[in-house]
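Here is a friendly briefing to read alongside the coordinates.

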Amino acid sequence: MTAHPEVSTLTGYEQFAPWLIVDKVDNVHVVRINRPEQFNAVNEELHHAFAHVWSVLAADQDVLCVVVTGNGSAFSAGGDMQMFSRMIDDTAMRRALFAEARSLFLAVMNFPKPLVSAVNGPAVGLGCSLALLSDLLVMGESSYLADPHVPVGLTAGDGGAAMLPLLVGMMKAKEYVLLGDRITAVTADKLNLVSRVVADGQVLDEALLLGERLARMPAQAVQTSKVAMNLHLSRAALGVLEYALAEEYTSFGTSAFSDNVVAFRSRQRPPKQQ
């Protein structure tokens with residue numbers, strides 16, 4: 001792997017640590033999802049950090065371009081199952097997190113500066129949505145995207161149903177949303193969902209090269225052109241998002257979802273000692 005240029009750890013972003021680590025590589029700000037032992041699964045603290053980091057980055061005049069990636073072997077494995085268990089039982093917590101999920105989706109979609117995702121492994125659920133909302137997307141050869149909401153018993157509320165029909169057409173979108181199948185890097189390239197597919201060890205390097213190019217371009221021209229193109233997404237997606245999130249909230253109260261959470265967590269527990 002190529003040695004990265006000079007990296008400086010930033011002040012002003014400590015409130016998001018340890019869940020998100022924000023540093024700078026040359027002219028590019030790098031946001032690193034930091035739950036590597038859990039494959040960067042999104043718990044309450046990480047969800048909260050993600051919902052609020054974008055406004056800070058947008059207001060920071062030093063930020064010209066952002067690259068987001070995952071520490072460890074995953075971009076993000078999706079929602080944390082322990083958090084899901086708490087959301088099933090605690091409706092007030094569920095309501096708050098769904099309001100935050102809406103804010104998070106809108107914050108990323110409306111983020112005014114160029115955003116590059118460096119997908120260095122699985123990008124599942126919210127991780128998939130974040131990757132697809134980026135302006136440029138770099139994937140490693142063995143990485144993949146997936147929206148598994150429906151197979152686990154949830155309405156596809158926080159991204160897939162709103163975005164994929166616009167990106168790949170309705171028939172392919174239904175295949176990947178309703179079946180929850182993985183979109184490999186090779187398939188993503190064929191579907192025009194990815195900017196670059198590179199060797200696994202080169203994902204961040206390639207994303208930084210793209211980010212550096214964007215950071216050196218005229219900022220007003222880059223940002224307004226991005227906003228203009230994202231109007232296609234925002235005008236089509238907002239109504240879908242409101243409906244889908246409301247139905248996903250309801251899904252948390254179904255036996256199909258709760259049974260799947262219990263089954264998943266039981267598989268993750270270590271066997272009892274004899």
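Welcome to the tour: please keep in mind that this is a predicted model. It holds nine salt bridges, and helix α1 has a kink of about 30°. Helix α4 is mostly covered.

**Helix α1**

- Helix α1 covers residues 44–59, and its 16 residues should span 22 Å at 1.5 Å a residue; the end C-alpha atoms are 24 Å apart, so the two values agree.
- The kink in α1, about 30°, is centred on H52.

**Helix α4**

- Eight of the eight residues of α4 are buried.
- They are L126, G127, C128, S129, L130, A131, L132 and L133.

**Salt bridges**

- Side chains of opposite charge can pair when their charged atoms come close.
- R32 and D23 form a salt bridge, with 2.9 Å between the closest N and O atoms. R32 has a relative accessible area of 14%, so it is buried. D23 is buried as well, because its relative accessible area is 7%.
- R86 forms a salt bridge with E44, and their closest N and O atoms are 2.8 Å apart. Since R86 lies in helix α2 (residues 81–89) and E44 in helix α1, the pair ties together parts that are 42 residues apart in sequence. R86 counts as partly exposed because its relative accessibility is 37%.
- E242 and R102 meet through their side chains in a salt bridge, 2.5 Å from N to O. This pair links distant parts of the chain, with E242 in helix α10 (residues 219–251) and R102 in helix α3, 140 residues apart. E242 has 36% relative accessibility, so it counts as partly exposed; R102, at 34%, also counts as partly exposed.

- G211 is a residue of helix α9 (residues 203–215).
- With a relative accessibility of 0%, G211 counts as buried.
- Setting aside neighbours within four places in sequence, G211 is in contact with V28, C65 and V116.
- G211 and D23 are 188 residues apart in sequence, while their C-alpha atoms are 14 Å apart in space.

**Backbone geometry to check**

- A17 and P18 are joined by a cis peptide bond, with omega about 0°. P18 sits in the loop between β1 (7–9) and β2.
- D26 is not a glycine, yet its phi is positive, near 55°. This residue is placed in the loop between β2 and β3, and D26 is partly exposed, with a relative accessible area of 38%.
- N40 is another non-glycine residue with a positive phi, about 60°. Its place is in the loop between β3 and α1, and N40 is buried, with a relative accessible area of 0%.

**Surface patch**

- V150, L178 and L179 form a nonpolar patch on the surface, and together they have about 260 Å² of accessible area.
- Of these, L178 is found in helix α7 (residues 170–179).

Notes
Residues are numbered from 1 along each chain as its sequence is written. This is a predicted model: local features need pLDDT of at least 70, side-chain atom pairs count only at pLDDT 80 or more; totals for chains, interfaces and linings use all residues. Side-chain values use heavy atoms; hydrogens and water are left out. Helices (H or I, at least four residues) and strands (E, at least two) are DSSP runs, numbered from the N terminus. The expected span of a helix is 1.5 Å times one less than its number of residues. The bend at a residue is the angle between axes fitted to the seven residues ending there and the seven starting there. Patches are made of residues with over 30% relative accessible area and no salt bridge: like charges are joined within 9 Å, nonpolar side chains (Val, Leu, Ile, Met, Phe, Trp, Tyr) within 5 Å. Accessible areas come from the Shrake-Rupley method with a 1.4 Å probe; for residues, only the protein chains shown count as cover. A salt bridge is a side-chain nitrogen of Lys or Arg within 4 Å of a carboxyl oxygen of Asp or Glu. Buried means under 20% relative accessible area, exposed over 50%, partly exposed in between (1.4 Å probe, protein chains only). Contact means heavy atoms within 4.5 Å.
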